[in-house]
Amino acid sequence: MRETLIRNADHILTMDDDRRELRGADVLIRDGQIAAIGHGLVTRGEVVEARGCVVTPGLVNTHHHLYQTLTRAVPGGQDALLFGWLKTLYPIWARFGPEEMFTSAQIGLAELALSGCTLSSDHLYLYPNGARLEDTIHAAGELGLRFHPTRGAMSIGESAGGLPPDSLVEHEADILNDCIRVVDAFHDASDGSMCRVGIAPCSPFSVSRELMRDAALLARDKGVMLHTHLAENDEDIAYSLEKFGCRPGQYAEDLGWTGADVWHAHCVKLDGQEIDLFAKTRTGVAHCPCSNCRLGSGIAPVRTMRDAGVKVALGVDGSASNDAGNLIAEARQAMLLQRVSKGADAMSAREALEIATRGGAEVLNRPDCGQIAPGKRADIAIWDVSGLESAGSWDPAALLLAGPMKVRYLYVEGRQIVRDGQITTIDVEALIARQARLLSGLMA
Ligand SMILES: Nc1nc2[nH]c(O)nc2c(=O)[nH]1
């Protein structure tokens, strides 16, 4: 039996069904699960002192392109809208291989861990030079984060009216076969799973209708989730109207891309009808506020979606369009953006934190994660609020209103991944050196 007792936390924000908040309380972890929450708990195992700390569920990241940590702040893409930005970056990504995929993914995941993330999805939609989905799965396994990789794909190149260069697209039969391979090899549907694979054609402007439809059929056959980009900006809507004669929501519905097993990234431009469709069908949304600001895409109607009953989660998006991968900062940005569009009471700090934790778990169909309650997985973030940025705070809402933006401790499945603000499971200095070497190769 493996036990850890988190003791004397100033506040525990459980995000359980009653949204309980405890003061001066403890959390007992046993064998990867939460065994108890309360006062005066005891253990013969490890004890972690949490006085001066706020304890929350681990944050859940529902959209990323981890490989993009090797292309932060690329000059030609710094000030472009989505389509121009992609066209600048595709030729650089075309030079990646397995080592770039592994290293950039581990950098992105380590960055997420320090910002309180315990469960991340990833959308890897290009496979140049022998790269494979497992490059990222191994990176997450070594670090110890819970991981939902998705087998993305692009199949319609420039010569066929798509956006990506022909050299980066794959044959659709190969894509579907590789989806089957990675689901069979790596998907674990069990409670407490550390790896669940999804199927994720990149976007309506880079794959065919047939691939979208076949991907949905395959995902249902295999019992895995579906993910793609949808309605990200005005260019995206214009493409849909011109090429498909309908808006993205209609396109998604026609091809089997609505339902509780589907989540779409961005959805900045969903209209009222599409929002109702997503609410009715329990289709999820990964809201990526920083990326939407950086690419000038707009402000997603998150308040309207939540009020209509749409499941909304958070995503940092790839580091070529954020360019940070800090999930607690993303939650703050989500809160601030809704206030910009709808007023100061449009989203509270607690609601933003709920979206970042429980909301993410709901979108990824992980009822075993995203809350601190007996029987749930022990994915926990511990935030030291005794430092400079929090000094003078009256309420744990300060976590989003003030800071800190990094955890002191992080537990995934009861295993310590961060201690005293440092990753414990891998050599981060060596990882950064590897990333720098790969970057030099790409810039040469
Ligand atoms: N924010 C992003 N949007 C995208 N659309 C697409 O086809 N690829 C991307 C991407 O990498 N980031």
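1. Let's start with the overall layout: the chain is assigned two domains, domain 1 (3-57 + 377-423) and domain 2 (59-363), with bounds that come from an automatic or database domain assignment. Keep in mind that this is a predicted model, in which local features need pLDDT of at least 70, side-chain atom pairs count only at pLDDT 80 or more, and totals for chains, interfaces and linings use all residues. Residues are numbered from 1 along each chain as its sequence is written, and side-chain values use heavy atoms, with hydrogens and water left out.

2. How do the two domains meet? The C-alpha centres of domain 1 and domain 2 are 29 Å apart. In contact terms (heavy atoms within 4.5 Å), 33 residues of domain 1 touch 28 residues of domain 2.

3. On the record side, UniProt has an unreviewed entry that puts "domain: Amidohydrolase-related" at residues 54-416. UniProt positions are given in the numbering used here, feature names are shortened, and annotations may be inferred rather than shown by experiment. Over residues 54-416 the chain is 40% helix and 15% strand, and the end C-alpha atoms are 17 Å apart. Helices (H or I, at least four residues) and strands (E, at least two) are DSSP runs, numbered from the N terminus.

4. Now the cavities. A cavity here is a set of points, on a 1 Å grid over the protein atoms alone, where a 1.4 Å probe fits but cannot get out; lining residues have an atom within 4 Å of a point. Grid points are joined across faces, edges and corners, and a volume is the space filled by probe spheres set on the points. That gives three cavities of 30 Å³ or more.

5. The largest cavity has a volume of about 90 Å³. Its lining has 15 residues, with Leu82, Trp85, Leu86, His229 and Glu232 nearest the centre. Helix α1 (residues 82-93) gives the most to this lining, with three residues. By class there are seven nonpolar, six polar and two charged residues, where Ala, Val, Leu, Ile, Met, Phe, Trp, Tyr, Cys and Pro count as nonpolar, Asp, Glu, Lys and Arg as charged, and the others, Gly among them, as polar.

6. The second largest cavity, at about 50 Å³, is lined by Leu13, Ala349, Arg350, Leu353, Pro396, Ala397, Leu399 and Leu400. Two or more of its lining residues come from each of α12 (349-363) and α13 (398-401), and α12 supplies the largest share, three residues. Seven of the lining residues are nonpolar, none is polar and one is charged. Why is this cavity placed between the domains? Because domain 1 and domain 2 both give residues to its lining.

7. On charge pairing, the model has 32 salt bridges, each a side-chain nitrogen of Lys or Arg within 4 Å of a carboxyl oxygen of Asp or Glu. One of interest joins Glu354 and Arg19, whose closest N and O atoms are 2.9 Å apart. Glu354 is in helix α12 and Arg19 in the loop between β1 (3-13) and β2 (21-30), so the pair ties together parts 335 residues apart in sequence.

8. A few backbone spots to look at. Asn322 and Asp323 are joined by a cis peptide bond, omega about 0°; Asp323 is in the loop between β13 (311-314) and α11 (327-342). Another cis bond joins Gly403 and Pro404, omega about 5°, with Pro404 in the loop between α13 and β15 (409-412). His266, in strand β11 (residues 262-266), has a positive phi near 85°.

Definitions and conventions: 1 Å grid on protein atoms, 1.4 Å probe; cavity = no way out; pocket = protein on both sides within 12 Å on 5 of 7 lines; lining within 4 Å.
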